[in-house]
Amino acid sequence: MSRQTLYRARYVLPISSSLVEDGAVLVESGFIRAVGHYHDLANTHPEAALVDFGESVLLPPMVNAHTHLELTAFSDWAAAAGEPHAPQAFVDWILWLVRIRREVDEDQLKASLAAGLKASLLEGTGAVGDIFTTLDAVETYLESPLSGQVFAEVLGHDLALIEERLSSIKSLSVKSPAKSLNWGLSPHAPYTLSASATDQVFAFAKEFTLRCTIHLAESESESEFLRDGTGAIADKLFSSAKWDPLLSPPLGCSPVRSLCSEGRLKEGDLIVHGVHVDTADIEMLKQSGCSVALCPRSNAALNVGKAPVTDYLNAGIPLALGTDSLASSDSLSIWDEMAFAAEWFTDAAEPCEWLEIATLGGAKALGIEKRVGQLAPGQEASFQVVTLPVLPQADALEETLCASGKDVNVTHLYLAGENVLL
Ligand SMILES: [Zn+2]
């Protein structure tokens, strides 16, 4: 029989079941065998080795359902370009990002992606939904112990170029980016892909059973452009990208309807932001079976508005959290994102709901909830151990964890039984 280990902590927070004080997790061969009170598990498994984390909290790893790890060094690049400050308006911010990104070479991007993968682990993140544009940098993922999806990005209005891009992605997708990372596809947004290009990309995803993620309903500019064909996206973004000749007639509908009415979104797909939605949009999203990744710090930084979290929860739409990139957010920490969300969205969700959204919700959004996201028998032994300046009593633990952000100190991260912060 292979060796069993009991991991003990003052608090074990399984997410899918109740908090255990003086708890433990029994691990064997990289999988969780049992979760419960330390003394009960120690009595029934006297041969198990003990790792005692003492005055700490053991819980599932964070899931960053939407990020752009290749932009981790973005603030350095912006400073080097002499443009350290992000513009306030949404479209000006996109143009700023594109301008700075264009000056970065492949080696810089690889180093930035590697830094993002490492920083994620240090923040207690065990799974990501990462947007990936630089296909030649794929080997950077290879040794990463992270789970989740690498979403290869596609954008543009030239169908021949999109075909070429999809063909490159098809060649890459014969091999996973890393042991626990799978390929997905990211049509960038409804305003950076024409309707026919969008169809082409979603059809490809269906053919090769790739999950899709898309920035959707992020800003009022996007809604205006899709509805009327006017505004800053038409005036500034299209002329800058030289897409003017390819400008399609306005769709005359909301961003969500533009995808849902044609049946493009499928079960398991993940929309990102979902700020500018109405009741009919939420109903369509519910019918589509997709999840929503909230990125509140990014939305606040770009001043695009707040997602209707209460309406999503009432509709039963699965939610996740994402940091977005370091071009619009100041850390890759889901602990920081959750603390911001809990305050910004005031009473939209309880602390226990935010903790679930940050862990199991993210895992469901990425389709990996059978392996990661909760502490339960049969799950991979993936968990983080954290300390706080002062550990509260059990009845205040979830609220304190939810609000602590940068006060949370991640001391250990185990993924599939391996201590990855050694
Ligand atoms: Zn994004």
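Biologist: How far apart do the C-alpha centres of domain 1 and domain 2 lie?
Modeller: This is a predicted model. The domain assignment gives domain 1 as 4-60 + 374-419 and domain 2 as 62-365. Their C-alpha centres lie apart by 31 Å.

Biologist: Which element gives the largest share of the side of domain 1 that touches domain 2?
Modeller: The contact takes 20 residues from domain 1 and 18 residues from domain 2. On the domain 1 side, the elements giving two or more residues are strand E14 (383-387), H15 and strand E15 (409-415). The largest share is six residues, and it comes from H15.

Biologist: How many nonpolar residues does that side of domain 1 have?
Modeller: Take the side of domain 1 that touches domain 2 by class. It has six polar and four charged residues. The nonpolar count there is 10.

Biologist: Within what arc do the buried residues of H15 fall?
Modeller: Helix H15 covers residues 397-404, and its buried residues are Leu397, Glu398, Leu401 and Cys402. Residues three or four places apart in an α-helix point the same way, because there are 3.6 residues a turn. The buried residues of H15 line one face of the helix, since seen down its axis they fall within an arc of 125°.

Biologist: Which helices are included in what covers the buried residues of H15?
Modeller: The cover includes two strands, E1 (4-12) and E5 (57-59). It also includes helices H13 (334-344) and H14 (351-365).

Biologist: What is the radius of gyration of the chain?
Modeller: The chain has 15 helices and 16 strands. The globule rule gives 22 Å for 422 residues, and the chain comes close to that, so it is as compact as a globular protein of that length. Its radius of gyration is 22 Å.

Conventions
Residues are numbered from 1 along each chain as its sequence is written. This is a predicted model: local features need pLDDT of at least 70, side-chain atom pairs count only at pLDDT 80 or more; totals for chains, interfaces and linings use all residues. Helices (H or I, at least four residues) and strands (E, at least two) are DSSP runs, numbered from the N terminus. The radius of gyration is taken over C-alpha atoms; the globule rule is 2.2 Å times the number of residues to the power 0.38. A residue is buried if 20 or more other C-beta atoms lie within 10 Å of its own, exposed if 12 or fewer, and partly exposed in between; C-beta atoms are placed from the backbone. The arc is that of the directions from the helix axis to the C-beta atoms. Two residues are in contact if their C-beta atoms, placed from the backbone, lie within 7 Å. Domain bounds come from an automatic or database domain assignment. Ala, Val, Leu, Ile, Met, Phe, Trp, Tyr, Cys and Pro count as nonpolar, Asp, Glu, Lys and Arg as charged, and the others, Gly among them, as polar.
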